[in-house]
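The points are numbered for reference.

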Amino acid sequence: MKVDLTGRVALVTGAAAGIGRSIALALAKNGARIAVNDIVTGERTCEEIREQDGEAKFYQADVSSVAAVNAMVVAVEREIGPIAVLVNNAGVNIGTNRVPTDQFPDEEWHRIIRVDLDGVFYCARAVSAAMIKRRKGVIINIGSAFGVVPARLQCAFTAAKAGVLNFTKSHALEVGKYGVRVNAIAPGSILTEGTRSLFYNPESKQKADSLISHIPLGRPGEPEDIAAAALFLASDDASYVTGHVLVVDGGWTAGFARDW
Ligand SMILES: NC(=O)c1ccc[n+]([C@@H]2O[C@H](COP(=O)([O-])OP(=O)(O)OC[C@H]3O[C@@H](n4cnc5c(N)ncnc54)[C@H](O)[C@@H]3O)[C@@H](O)[C@H]2O)c1
């Protein structure tokens with residue numbers, strides 16, 4: 001897909017790796033100037049963008065810190081320009097130590113809610129006032145299929161992601177009259193370094209097969225599948241789309257993929 005984002009500034013959180021990296025590369029390929037955010041170094045993503053003749057600058061910040069987020073947004077607007085597109089992508093989940101709600105540790109609950117829900121709110125709030133003033137802007141929140149349907153053993157993640165999806169719609173209702181669009185993407189199971197080490201490796205083939213048996217398209221998605229959705233939502237082709245959750249999950253949440 002080719003869209004024209006020439007000169008527009010896009011801030012992509014959690015863009016050092018995985019889905020965020022792919023979104024940053026896709027937006028840059030279509031003309032956007034990218035502020036690459038991450039809590040760890042995102043210089044590699046910036047280099048990749050420059051290798052494809054794009055423009056990028058790295059902003060290290062923890063999205064769960066309101067002070068860090070506000071300072072980052074001020075710095076991006078001063079150093080690159082007004083933020084036209086915010087992609088709230090940074091996220092964490094519980095690793096392999098998955099336990100039911102009655103055993104879920106406080107610190108994990110707060111860690112996940114702080115990044116996956118508070119972080120989305122802090123970043124969206126930080127860019128909103130200026131977008132409203134300019135009467136233009138796009139916010140894309142990366143939720144999850146597990147914000148649409150529930151899942152066992154991930155109570156904090158499912159709560160945070162469901163929150164992100166309804167927050168997206170509430171925010172869209174508020175800012176629509178100012179020409180600002182707010183949408184979400186709900187990815188299914190996407191092949192990243194994290195999911196590769198958790199499910200998609202030769203040692204856990206059984207786990208992967210079982211997971212894939214729930215996906216009508218019969219495979220995990222690629223980060224580029226999510227980047228394509230983000231590119232569409234960021235573009236003027238989506239100028240009448242707001243308050244929408246674009247599910248990109250190979251059909252996972254459509255219904256039962258297996259006979260029973
Ligand atoms: N991979 C999947 O299957 C999948 C499925 C559904 C939803 N998602 C969502 O997509 C988004 C990206 O996931 P991913 O799989 O690419 O993950 P990832 O772990 O590969 O990348 C996430 C990035 O966010 C960064 N990050 C973590 N905490 C941060 C913080 N406090 N501040 C700034 N950056 C921070 C990480 O350093 C990392 O670079 C997340 O919101 C995730 O919940 C992923």
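1. Buried here means under 20% relative accessible area, exposed means over 50%, and partly exposed lies in between (1.4 Å probe, protein chains only). The model is predicted: local features need pLDDT of at least 70, side-chain atom pairs count only at pLDDT 80 or more, and totals for chains, interfaces and linings use all residues. Residues are numbered from 1 along each chain as its sequence is written, and side-chain values use heavy atoms, with hydrogens and water left out.

2. Eleven salt bridges are found in a search of the whole structure. The criterion is a side-chain nitrogen of Lys or Arg within 4 Å of a carboxyl oxygen of Asp or Glu.

3. One of them pairs Arg-78 with Glu-79, with 3.4 Å between the closest N and O atoms. Arg-78 is exposed at 61% relative accessibility, while Glu-79 is partly exposed at 41%.

4. Helix α4 (residues 106-134) holds both Arg-111 and Glu-108, three residues apart, about one turn of the helix. Helices are DSSP runs (H or I, at least four residues), numbered from the N terminus. The two side chains form a salt bridge at 2.8 Å, N to O. Glu-108 is buried, with a relative accessible area of 18%; Arg-111 is partly exposed at 30%.

5. Lys-205 and Asp-209 form a salt bridge at 2.7 Å, N to O. They are four residues apart in helix α8 (residues 205-212), so about one helical turn separates them. Asp-209 is partly exposed, at 39%.

Technical notes. Helix = DSSP H or I, 4+ residues; strand = E, 2+ residues; numbered from the N terminus.
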